[in-house]
Amino acid sequence: MAALRGLLRERATRVSVHHREHGSCFEPAEVEAAIGLAQLGRLDERTDRRRHNAAYLAEQLGGDYLVPTVPEGRDHVWHQFVMRFPGERQAVIDGLTERGIGTLIYYPIPIHRQAYLQSFMPGAADLDLPVTNRLSDEVLAIPVHPMLSDEDLATIVGAVRAVATPVAR
């Protein structure tokens with residue numbers, strides 16, 4: 001039982017992308033709660049900066065690379081800026097890492113292949129979901145957080161251009 005409680009407290013993961021059990025932990029530690037409350041007063045400012053950063057990245061990279069878009073009449077808060085790098089994601093990760101640019105793959109294992117889903121849908125891992133499988137091999141998040149300076153953004157764009165192959169459209 002203690003192991004199960006610990007597993008659930010770790011937000012249902014032992015390895016960050018392997019979901020084995022259903023569970024959530026919505027109780028922030030006191031320090032996290034204090035930081036969160038302090039940051040709440042700056043939410044609009046930080047969201048505006050992420051939007052600025054995402055617009056810059058999309059403008060600078062969108063003509064040559066697969067960048068996220070926002071449908072007409074919609075807004076986005078840009079907690080992630082997830083690009084696609086077909087056939088070269090690992091090389092892009094390595095190249096950006098060498099240049100000091102952090103990256104993250106938020107969902108490298110499609111949900112239908114997660115152990116947690118198998119308990120509700122046995123055989124889900126065998127579903128034919130070609131788009132899901134392809135995207136899980138291509139997506140990569142690059143920095144978009146509000147603490148990036150304009151110089152940082154230019155560095156990120158230069159690094160992506162140096163290591164990634166433009167995509168023909």
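This is a predicted model: local features need pLDDT of at least 70, side-chain atom pairs count only at pLDDT 80 or more; totals for chains, interfaces and linings use all residues.

Me: In what order do the elements of the chain run from the N terminus on?
Reply: The secondary structure of the chain comes to seven helices and two strands. Read from the N terminus on, these elements follow the order α-α-α-β-α-α-α-β-α.

Me: Which residues of α3 are buried?
Reply: Helix α3 takes in residues 43-61, and its 19 residues reach 27 Å from the first C-alpha to the last, close to the 27 Å expected at 1.5 Å a residue. Applying the cut-off of under 20% relative accessible area, the buried residues of this helix are Thr47, Arg50, Asn53, Ala54, Leu57 and Leu61.

Me: Within what arc do the buried residues of α3 fall, seen down its axis?
Reply: An α-helix has 3.6 residues a turn, so residues three or four places apart point the same way. In α3 the buried residues line one face of the helix, because, seen down the axis, they fall within an arc of 125°.

Me: Which exposed residues does the face of α3 turned away from its buried side carry?
Reply: The buried residues of α3 have a cover that includes β1 (81-84), β2 (139-142) and α7 (150-163). On the face turned away from that buried side, the helix carries the exposed residues Asp44 and Glu59.

Conventions:
Residues are numbered from 1 along each chain as its sequence is written. Side-chain values use heavy atoms; hydrogens and water are left out. Helices (H or I, at least four residues) and strands (E, at least two) are DSSP runs, numbered from the N terminus. The expected span of a helix is 1.5 Å times one less than its number of residues. Buried means under 20% relative accessible area, exposed over 50%, partly exposed in between (1.4 Å probe, protein chains only). The arc is that of the directions from the helix axis to the C-beta atoms. Contact means heavy atoms within 4.5 Å.
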